[in-house]
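My notes follow the order in which I checked things.

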Amino acid sequence: MGIDTPEAAGVPAVSGTHAPQSSEDRADRAAATVRGDESTSVAAGGPAGAVRAVKMPLVDRIASAVVTAAPPILVALGMWLGWSDGLLIWQDLLVLAFFYAAIGTGITVGYHRLLTHRSFKCHRVVRAAFAALGSAAAEGPVIDWVATHRKHHQFSDQTGDPHSPQLDLREGWRGQLWGLVHAHIGWVFSDMEVADERRYAPDLLADPLIRFVDRTFVLWVAVGLAAAFGAGAVLTGTTTGGLTAMLWGGAARIFLMHHATFSINSICHAFGRRDYETGDQSRNVFWLAIPTWGEAWHNNHHAFPTSYRHGLTRWQLDPSAAIIRLLELTGLAWDVVRVDPARRARKLSLPAA
Ligand SMILES: [Zn+2]
Ligand SMILES: [Zn+2]
């Protein structure tokens, strides 16, 4: 299985001393997309029509709708039925915070930086463990998620982007609002063209462990819910404590994490600072940095997709990068991709404040 760019293989790009910015942009976009067969590939940023159209099957749309709508309904129901009986005790909050951080790491470090962009390398069992941890977030099977996200990077804010707020054709504020709604949540329910896994994730399809985790996605969601129940039961010593912990550490956690991830697609492509010229509308949104575990430095990320750090300055908080650094220090991660300062300086669109 060939990998066609050095960056896609997890190797930092060696930028030519006189390389024009546009060719670096192309290299970065191409790096986001791992192509197995050169003959079927199109140039990064090329016409969407060149890509084989794959419509989302109805059963997948129904599953997406259920997975997205059920958690907030369950939380609302739980609050309505039991708020007066001391629902949401400190044990629930503890379970919520722990599972949000742990399973959030499965998405940001696992699904996104490791499996989509290859920001570092690790043992294949650790890779599969990250895939399983990310699966528990109920954001879709790993190969599907990765393929969709690589397609987003390839066509960022152009036709072919699965979730851009910039593509609504309606005039004025209506167009902007519907664009945001589509990018945030509408795309999950639409019958839009989905990313072809054979084209966008051949590397993951070639890994039997990852294929296993992808096939058993529902199991990992269930394990995440059961673990929250177990933690609540142990902390409170009661079955009711387990159930309320599952409500907050399971349903509420899934709901909050879904919308943190969705915010990257909507808010981080519409509002905020653009420090780097990336050819799309990606933005850095500081107030989302913590709830998104460092992913809201999204303009930085589109500028340097394979960088293990999305927060590139000292004050751009990035917990996911700190976790990868910790993995590196303990020998669990290696070949961690860093962007050299000269390359960053060349891409800056604004003078440093
Ligand atoms: Zn983006
Ligand atoms: Zn990305």
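**Entry 1: the whole chain.** I am working from a predicted model. I looked up the secondary structure first. The protein chain has 14 helices and two strands. Next I checked burial. Of the 353 residues in the protein chain, 47% are buried. Then I asked how far apart in sequence the contacting residues lie. I took contacts between residues at least 6 apart in sequence, and 68% of these join residues at least 24 apart.

**Entry 2: helix α10.** Which residues of α10 are buried? I listed F217, W220, G224, L225, A227, A228, F229, A231 and G232. What do these buried residues pack against? I found four helices there: α3, α4 (124–135), α9 (208–215) and α11 (239–265). I also checked the residue just after α10, and G237 has a positive phi of about 75 degrees.

**Entry 3: α3 against α10.** I recorded the crossing as right-handed. Which residues meet there? From α3 I noted Q91, D92, L94, V95, F99 and I103. From α10 I noted G224, A228, A231, G232, L235 and T236. Sorted by class, this contact has seven nonpolar, four polar and one charged residues. I went back to the burial list for α10, and G224, A228, A231 and G232 are on it.

Entry 4: R118 has a positive phi, near 55 degrees. I located R118 in the loop between α3 and β1 (121–122). Is R118 buried or exposed? I counted 23 other C-beta atoms within 10 Å of R118, and the cut-off for buried is 20 or more, so R118 is buried.

D335 also has a positive phi, about 50 degrees, and is not a glycine. I placed D335 in the loop between β2 (333–334) and α14 (341–347). Here I counted 15 other C-beta atoms within 10 Å. That lies between the cut-offs of 12 and 20, so D335 is partly exposed.

How values were computed
Residues are numbered from 1 along each chain as its sequence is written. Chains are lettered from A and ligands numbered from 1 in the order in which they are written. This is a predicted model: local features need pLDDT of at least 70, side-chain atom pairs count only at pLDDT 80 or more; totals for chains, interfaces and linings use all residues. A crossing is left-handed if the near helix is turned anticlockwise from the far one by less than a right angle, and right-handed if clockwise. Two residues are in contact if their C-beta atoms, placed from the backbone, lie within 7 Å. Ala, Val, Leu, Ile, Met, Phe, Trp, Tyr, Cys and Pro count as nonpolar, Asp, Glu, Lys and Arg as charged, and the others, Gly among them, as polar.
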